[in-house]
Amino acid sequence: MRIDVVTIFPEYLAPLRAALLGRAIERGLIQVDVHDLRDWTHDVHRAVDDAPYGGGPGMVMKPQVWGDALDAVCDEGTRLIVPTPAGRPFTQAMARAYAAEEHLVFACGRYEGIDQRVIEDAARRMPVDEVSIGDYVLVGGEAAVLVIVEATVRLLPGVLGNPVSAEQDSFSDGLLEGPSYTRPEVWRDLAVPEVLRSGNHALIDRWRRDQALERTLRRRPDLLERLPEDSLDSRDRAV
Ligand code: 6GU
């Protein structure tokens, strides 16, 4: 998979080369390029923004600069992702879909956003998603790109040490994951739940399922409401 990011703060994307993502690059599983939007400016001031039509606070990013940048970076196989608090909420299902793409391009807006015609024009040639990572406002799309790329790349074959852990994640079965424990058996007078040391794997699976259901009910009741009818059995319903 190829990933290109266009931003006015290229240094903000340095973490794309760290840890898990850095290893994926080293191993040739992904290719990552970060581009400075100002490379496509036309004036001596290297201006990327201008006052909004209709008035109001803040600045809007200029269409000519973004148009030239995207012409240079996008090709036939590109999906363009524009992080914005006004986008569709990013989900695990979208991460799975992105993991199947060959080329992702991220266009990071700052200020009050990018002239909407840039998105409209790009959508004539390629799939375009305006995506939000949650109901709060960031200064720009850069931190959102880090989130979306990490969630996507960890799903690529060979990136995670143990592929089973991706399958057992919170959200992959529509529930939050329950608690985990490691040694020692007692720590600061707190004991590991007895069932986990029983060796009875049917009992352990049932306990974990119940913990996931209880946690989801308490913290994210909205997730339970969206679960398909047939994904809960009669034991689940008792919880
Ligand atoms: Cl994707 N961008 C910005 N600027 N703010 C956000 C966001 C994205 N998602 C939530 N808040």
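Good morning. I begin with a definition: a residue is called buried if 20 or more other C-beta atoms lie within 10 Å of its own, exposed if 12 or fewer, and partly exposed in between. Please also keep in mind that this is a predicted model.

Let me apply that definition to R96. This arginine sits in helix α3, residues 92-99. Because R96 has 14 other C-beta atoms within 10 Å, R96 is partly exposed. In sequence, R96 and R79 are 17 residues apart, and from C-alpha to C-alpha they are 14 Å apart in space.

I turn now to the ligand. Which residues come nearest to the ligand? Of the 14 residues around the ligand, they are P83, P85, S132, L138 and A144. Two elements give two or more residues to this shell, namely β5 (78-89) and β7 (128-132). The largest share, 4 residues, comes from β5.

The next topic is helix α7, which covers residues 201-219. Within α7, the residues A212, L213 and T216 are buried. Seen down the axis of α7, the buried residues fall within an arc of 95°, and therefore they line one face of the helix. What covers the buried residues of α7? The cover includes α8 (221-225) and α9 (234-238). On the other side of α7, L203, R218 and R219 are exposed.

Finally, I draw attention to some details of the backbone. R183 and P184 are joined by a cis peptide bond, with omega at about 5°. P184 itself belongs to the loop between α6 (163-167) and β8 (186-187).

Two residues have a positive phi although neither is a glycine. For A19, phi is about 50°. A19 is placed in helix α1, residues 19-26, and A19 counts as exposed because it has 10 C-beta neighbours inside 10 Å. For R46, phi is near 55°. R46 lies in the loop between β2 (31-36) and β3 (49-50). With 14 other C-beta atoms within 10 Å, R46 is partly exposed.

Thank you for your attention.

Definitions and conventions
Residues numbered from 1 in each chain as written. Predicted model: local features only at pLDDT ≥ 70, side-chain atom pairs only at ≥ 80, totals over all residues. Near = placed C-beta within 6 Å. Expected span 1.5 Å × (residues − 1). Arc of directions from axis to C-beta. Contact = placed C-beta atoms within 7 Å.
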